[in-house]
Amino acid sequence: MNASDAQEHLEMVERIVAASSRKLEAGGEFFVLWGLISGTLDLLSQLASDGRVPPSAMWLGPVLVVAGIVGSTLFARRCRQDGRMSFLQREFITVLWLTLAMALAVNLIGGNIFAQWAQAAVWSVAASIVLFYIGAHGNRRAQVGGIMMLASIAFANFNLPVAGYALAAGMYLGYAGFGVTDMLARD
Amino acid sequence: MDELLLSKIRLSIIAELLGDEWVSFTALQRSIETTNGNLGAHLGKLIEAGYVTEEKTFVNRRPLSRYALTERGRTAFIAHVRQLEGLLAGTKGEAS
């Protein structure tokens with residue numbers, strides 16, 4: 001092999017590596033789905049707490065969560081069909097499921113410690129961890145989404161009578177909003 | 001120099017697999033732009049050398065062949081790239 005061939009091969013390798021080291025593709029649909037579900041649950045809780053909807057409306061919660069799990073499974077299946085799974089994507093999916101599973105577990109087993117709005121806030125914390133994880137890989141929109149989620153928690157903390165509305169706004173704007181911008185920014 | 005990686009197609013297959021946990025045959029073909037037969041033959045050589053592993057699975061009842069780089073393949077690729085860089089640096093040194 002001569003120097004010209006070596007250069008050609010090296011340039012080809014550089015091109016391929018640069019093309020395949022894409023930014024983390026987060027999967028906007030997932031964020032829209034869970035942002036809307038979590039936001040609606042926060043909203044329902046607030047409305048029920050204000051007496052504007054009957055407490056029986058909270059039965060919608062489990063239905064929405066099941067719908068979210070079904071939707072997420074379909075999304076994961078579509079990812080497999082794309083024909084490529086990067087190390088970064090695998091890591092992201094692990095972080096995503098771990099945080100959601102932890103939030104769910106805390107809701108189920110920590111009801112006495114995480115009373116009132118704390119249960120909803122735990123979901124917001126989990127969601128902001130996911131957004132900041134994506135943000136740490138250079139995604140500015142995810143960083144903004146994470147900051148919005150934290151702001152909603154802070155606002156809820158100092159405005160307890162409307163905490164549900166604040167947390168819902170964080171989920172709609174920070175989480176689902178990030179999903180929408182991610183879908184719009186896709187090639 | 002690694003004879004196996006002197007082929008541009010085999011080198012590009014390894015480079016494609018570098019950042020991914022796995023890549024399907026179709027995705028590789030899309031990126032490398034070669035025929036089914038050609039890609040299959042080159043992949044066969046890389047599998048035989050232990051540079052790449054193949055896994056056959058089903059997604060939605062459709063067969064899916066996916067490929068991953070082995071540690072041996074990664075080491076060989078890094079060594080090969082270093083040799084190419086060395087060759088280039090040597091040539092530039094002689095010229096100056």
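How many salt bridges does a search of the whole structure find over all chains? In this predicted model, the search returns 4 salt bridges over all chains. Side chains of opposite charge can pair when their charged atoms come close.

Between chain A and chain B the count is 1 salt bridge, and the partners are Glu8(A) and Lys8(B). Residue pairs in polar contact between chain A and chain B, with both residues at pLDDT 80 or more, likewise number 1. On the side of chain A that touches chain B, at least two residues come from each of helix H1 (3–20), helix H3 (60–81), strand S1 (84–86) and helix H4 (87–109). The most is given by H1(A), with 11 residues. By residue class, this side of chain A divides into 10 nonpolar, 7 polar and 7 charged residues.

What of the extent of the contact? Chain A brings 24 residues to the contact and chain B brings 31 residues. The size of an interface is often given as the accessible area lost when the parts come together. Here, the area buried between chain A and chain B is about 2,500 Å², and carbon and sulfur atoms give 61% of that area.

Turning to chain B itself, the chain contains 4 helices and 3 strands. Followed along the sequence, these elements of chain B take the pattern α-β-α-α-β-β-α. The C-alpha trace of chain B spans about 60 × 25 × 20 Å along its principal axes.

The structure holds 1 cavity of 30 Å³ or more, and the volume of the largest cavity is about 40 Å³. Which residues line the largest cavity? The lining is made up of Trp34(A), Ser38(A), Leu100(A), Trp123(A), Ala127(A), Met171(A) and Tyr175(A). Of the lining residues, 6 are nonpolar and 1 is polar, with no charged residue among them. Helix H2 (28–49), helix H5 (118–135) and helix H7 (163–185) of chain A each supply at least two residues of this lining.

Technical notes: Residues numbered from 1 in each chain as written. Chains lettered and ligands numbered in written order. Predicted model: local features only at pLDDT ≥ 70, side-chain atom pairs only at ≥ 80, totals over all residues. Heavy atoms only, no water. 1 Å grid on protein atoms, 1.4 Å probe; cavity = no way out; pocket = protein on both sides within 12 Å on 5 of 7 lines; lining within 4 Å. Points joined across faces, edges and corners; volume = space filled by probe spheres on them. Nonpolar A, V, L, I, M, F, W, Y, C, P; charged D, E, K, R; others polar. Contact = heavy atoms within 4.5 Å. Buried area = accessible area lost by both parts, 1.4 Å probe. Salt bridge = Lys/Arg side-chain N within 4 Å of Asp/Glu carboxyl O. Polar contact = N/O pair within 3.5 Å; in protein donor to acceptor, adjacent residues only side chain to side chain.
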